[in-house]
Each structure stands twice: as C-alpha cells, then as structure tokens.
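I opened my notebook for this chain and went through it from the overall layout to single residues.

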Amino acid sequence: MPVFENRNADLPAFLLSAYQHFGLNYPKFYKMDNLSKLGWIASEILLKGSHIKDYQPEDVGLVLSNANSSLDSDLKYIKSVSDIPSPALFVYTLPNIMIGEICIRNNFKGEDAFFIFEKFDAGFIELYVNNLLNSNALSACICGWVDVFEDEYKAVLFLVEKEERDNAILFSKKNLDGIFENLVIDKG
C-alpha cells in the first residue's frame with residue numbers, strides 16, 4: 001500500500017523522479033496532469049508484485065476519492081489561457097482519465113467509481129467496496145484517496161481482495177483510517 005504525502009514540495013519533480021526511480025514506462029504519463037500522474041504511479045507501485053494478474057479483467061475494479069477532483073489542473077489551465085487563449089490546448093486531467101489509464105494499463109474491466117468528499121471517508125469506502133465484493137461484482141478492488149491541490153498532495157491506495165491471503169490486513173474502517181493517517185494497524 002503506497003502512501004505519498006508532502007506539503008510545499010515540487011510535485012512535478014517528485015512525480016518525474018518517482019516515475020524514473022521505479023523504472024516505469026508509459027508514454028501517456030507525460031500527457032497527464034499531476035493528479036492523474038500521482039494516482040497512476042501509486043497504482044503501479046501498489047500492484048508491483050501483487051497477484052492481480054490472477055484475476056479475470058472484469059473481476060478487478062477501482063474505487064477512488066478525493067476532495068478537489070481536478071480543481072488544481074482546472075485552475076492552472078485557466079491561468080495558462082488567460083493571456084493567450086488556445087482552443088487547441090487540451091488538459092489531460094479529471095479523475096475519470098486517471099481511472100481510465102489505470103484500467104487500460106492493467107486491462108481492468110470491473111466496476112469503477114470516483115467520489116468527491118470533503119475528507120477521506122473510510123466508512124463509505126468500506127461499505128461500498130464490501131458491497132461490490134459480497135455481491136460478486138468484483139473479486140479485487142483498488143480503493144483509496146488521490147488528491148492534489150497546489151503544493152499539497154496525498155495518495156493512499158489499498159488493494160482489497162475477496163479472498164484473504166497470508167499476511168493480509170483486515171479490510172475495515174479502523175484499518176483504512178489507520179493506514180490513511182500512517183498509524184499502527186490491526187493485523188488480525
């Protein structure tokens with residue numbers, strides 16, 4: 001479960017260095033806005049070495065949330081065209097594009113959703129993802145929080161599987177909150 005968080009840091013430089021450090025290779029990375037890059041890199045790290053390829057594409061989904069959606073990129077776009085309007089300028093942004101790129105890269109075809117909350121809502125995520133798993137809509141789900149606004153960013157992603165594996169952390173509101181806040185979590 002990757003956790004990235006920083007305040008007052010050069011986000012584009014961090015994202016590029018993480019992309020290079022982990023040896024990622026995806027040409028569309030350079031077209032993404034910072035929100036999409038952060039979520040995409042976090043998902044790549046989360047899935048590295050996972051059993052995700054054991055599932056059928058339609059059995060894996062994504063449920064992500066944040067507070068600012070693409071507001072940061074939208075504000076930068078408005079500023080960039082205020083002096084020189086450019087109808088040709090396309091901002092590769094929005095949470096849906098981030099989810100789309102994660103799905104395309106990994107061939108995920110299960111249910112996906114992106115929710116906007118004032119703050120991380122572990123209770124909602126737990127209920128929503130458990131409903132998907134218990135109704136057999138999914139066998140595995142990437143869920144969590146990806147948010148960027150100005151110089152603040154945070155990405156916390158979890159891979160939840162219907163079948164518990166060895167050393168798995170119990171999927172619960174308490175543990176989600178603990179991971180989100182970098183606290184000690186309950187292993188059993």
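Before anything else, I settled what a helix or strand label stands for: helices (H or I, at least four residues) and strands (E, at least two) are DSSP runs, numbered from the N terminus. I also note that I am working with a predicted model.

**Entry: the pocket**

With those labels in hand, I asked which elements each supply at least two residues of the lining of the largest pocket. They are α5 (122-134), β5 and α6 (173-180). I then checked which of the elements gives the most, and it is β5, with 4 residues.

The largest pocket holds about 650 Å³ of space. Its lining counts 25 residues, and the closest to the pocket centre are Leu159, Val160, Glu161, Ala168 and Ile169. By class, I read the lining as 12 nonpolar, 7 polar and 6 charged residues.

**Entry: the whole chain**

Next I stepped back. The chain has 6 helices and 5 strands, and along the sequence they come in the order β-α-α-β-α-α-β-α-β-β-α. There are 188 residues, of which 46% count as buried. I also looked at contacts with a separation of 6 or more: 69% of them are between residues 24 or more positions apart.

How many residues of β4 are buried? I found 9 of 10, so to speak a mostly covered strand by the definition of buried as under 20% relative accessible area. β5 (residues 152-161) is mostly covered too, with 7 of its 10 residues buried.

β4 and β5 pair in the antiparallel sense, over 10 bridges. Two of the pairings I wrote down: cysteine 141 stands opposite valine 160 in β5, and alanine 140 has glutamate 161 in β5 as its bridge partner. Both valine 160 and glutamate 161 had already turned up among the residues closest to the pocket centre.

In the hairpin of β4 and β5, 2 residues lie between the strands, and glutamate 150 takes a positive phi near 55°.

β4 has another partner in β2 (residues 60-66): these two run parallel and are joined by 6 bridges. Here cysteine 141 comes up again, as the bridge partner of glycine 61.

**Entry: aspartate 147**

I wanted to know where aspartate 147 sits, and it lies in β4 (residues 140-149). Is aspartate 147 buried or exposed? Its relative accessible area is 9%, and since buried means under 20%, aspartate 147 is buried. A polar atom of its side chain lies 3.4 Å from the backbone nitrogen of alanine 67.

**Entry: α6**

Last, I went back to α6, one of the elements lining the pocket. Which of its residues are buried? I listed Asn175, Leu176, Gly178, Ile179 and Phe180. After α6 comes asparagine 182, with a positive phi near 60°.

Conventions
Residues are numbered from 1 along each chain as its sequence is written. This is a predicted model: local features need pLDDT of at least 70, side-chain atom pairs count only at pLDDT 80 or more; totals for chains, interfaces and linings use all residues. Side-chain values use heavy atoms; hydrogens and water are left out. Buried means under 20% relative accessible area, exposed over 50%, partly exposed in between (1.4 Å probe, protein chains only). A polar contact is a pair of N or O atoms within 3.5 Å; within protein, one must be able to donate a hydrogen and the other to accept it, and residues adjacent in sequence count only if both atoms are side-chain atoms. Two strands pair if DSSP finds at least two bridges between them. On a 1 Å grid over the protein atoms alone, a cavity is a set of points where a 1.4 Å probe fits but cannot get out, and a pocket is an open set with protein on both sides within 12 Å along at least five of seven lines; lining residues have an atom within 4 Å of a point. Grid points are joined across faces, edges and corners, and a volume is the space filled by probe spheres set on the points. Ala, Val, Leu, Ile, Met, Phe, Trp, Tyr, Cys and Pro count as nonpolar, Asp, Glu, Lys and Arg as charged, and the others, Gly among them, as polar. Contact means heavy atoms within 4.5 Å.
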